[in-house]
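Grab a pencil and work through the exercises below with the model open next to you. Try each task before you read its solution.

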Amino acid sequence: MASITLKKLSKAYGALTVIPDLSLEIRDTEFVVLVGPSGCGKSTLLRVLAGLEPISGGELYIGNDLVNDVQPSKRDIAMVFQDYALYPHMTVRQNMSFALEMRNVPKAEITEQVDRAAALLDITKFLERRPKALSGGQRQRVAMGRAIVRNPRVFLFDEPLSNLDAKLRAQVRAEIKALSDQLKTTMVFVTHDQVEAMTMADRIVVLKDGVIQQVGTPEEVYNQPVNEFVGGFIGSPAMNIFDARVEGGKLLLTDGTILDAPKSLREGQSVRLGIRPEHFVPDLSGVSVPVKLTEPLGSETLVHFDLAGTEAIASVPPDTPARAHGRLSLRVAMNKAHLFDPETGASLRQKTLEAV
């Protein structure tokens, strides 16, 4: 078990800088999820941690050890890839024991560690099978088991759920989180899926263009985004964003829709207003909007509509009388809304707003 410390770390490929200057502290036994859009540098950062890519500048510590120039095999980490990377000609037991055999670990100890990991992951009955005889979820458990038997200081996961179907993804996601709680080992997990980030992480690191936008618990990142990018990226469906301006003590959208303005805003100020889908509340006294389509999901219904020239989504109770090509009256829960600077994208207030 070990902490991970990055100090002004940078990574470049020739003239292309992928990570310009990144500092981060990952605590011992913490489960941290790196999340961001494709090309944001999250997988590159994971490969740097693993030693598969050399760093261009800065310092990288695992525990108290500076590992800038330490070979991957000497870093005492284990990595789980999205494509499983299992040896097809070996049985599950042989795949899990291979790394230990290369270290000349005694056979009795190998058997004990493989059996323990297999029991933990509920794959004991598959130990004599080859990977081709396993489902995608079972193969991913084998890949995790191969990492567990090494008893590393740090686990690294590179989008390990992306090849699974929706049901298996949810199941394996829960298994990895439970595994984290049992093993008490530092884990770094890379994904572009904000649902995975929200449900698994102790802390989330949101990246954009190799730069950390925000680090915090799932609740902090969701409820108090530091800028418009984080607010729009974290959450599914995404946050709705509108251009607005303060006039006469009210907040006016571009189509003239009038909303209550927070006390902190000044007359004439332009803002970007962020409203999450669940913060549109069906209310006959609210704003009447044209419904484009509805998506009944059982526990909720997603309503797609136009407001102020923007395509928006509301998440409403399933019994809400919303129909495509009809109209629906929605009230905005302004105490839950977010305001962003239209120039910088920075949050004008990270905590929930108090409407007048």
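**Exercise 1: a histidine in a loop**

H279 is found in the loop between β14 (270-275) and β15. Helices (H or I, at least four residues) and strands (E, at least two) are DSSP runs, numbered from the N terminus. Before you start: this is a predicted model, where local features need pLDDT of at least 70 and side-chain atom pairs count only at pLDDT 80 or more, while totals for chains, interfaces and linings use all residues. Residues are numbered from 1 along each chain as its sequence is written, and side-chain values use heavy atoms, with hydrogens and water left out.

Task: work out whether H279 is buried or exposed, and which residues H279 touches.

Solution. 
- Step 1: Buried means under 20% relative accessible area, exposed over 50%, and partly exposed in between (1.4 Å probe, protein chains only).
- Step 2: compare. H279 has 15% relative accessibility, so H279 counts as buried.
- Step 3: look for contacts, meaning heavy atoms within 4.5 Å. Leaving out residues up to four places away in sequence, H279 touches R331, V332, A333 and K336.

**Exercise 2: pairs of rings**

Task: classify the pairs F157 with F189 and F280 with F305.

Solution. 
- Step 1: recall the rule. Rings of Phe, Tyr and Trp (its six-membered ring) pair if their centres lie within 6.5 Å; planes under 30 degrees apart count as stacked, over 60 as edge-to-face and the rest as tilted. By this rule the model has 7 aromatic pairs.
- Step 2: F157 and F189 are 5.7 Å apart centre to centre, with 35° between the planes, which is a tilted pair. F157 belongs to strand β7 (residues 154-158) and F189 to strand β8 (residues 186-191), so the pair ties together parts 32 residues apart in sequence. Both F157 and F189 are buried.
- Step 3: for F280 and F305 the centres are 5.3 Å apart and the planes stand at 90°, so this pair is edge-to-face. It links distant parts of the chain, with F280 in strand β15 (residues 280-296) and F305 in strand β16 (residues 301-307), 25 residues apart.
- Step 4: check burial. F280 is buried at 3% relative accessibility, and F305 is buried too, at 1%.
- Step 5: zoom out. Ring pairs join F31, F155, F157 and F189 into a cluster.

**Exercise 3: inside a helix**

Task: which residues of helix α2 (residues 92-102) are buried, and what covers them?

Solution. 
- Step 1: the buried ones are V92, N95, M96, S97 and L100.
- Step 2: their cover includes α3 (107-121) and α4 (136-148).
- Step 3: peek just past α2, where N104 takes a positive phi of about 60°.
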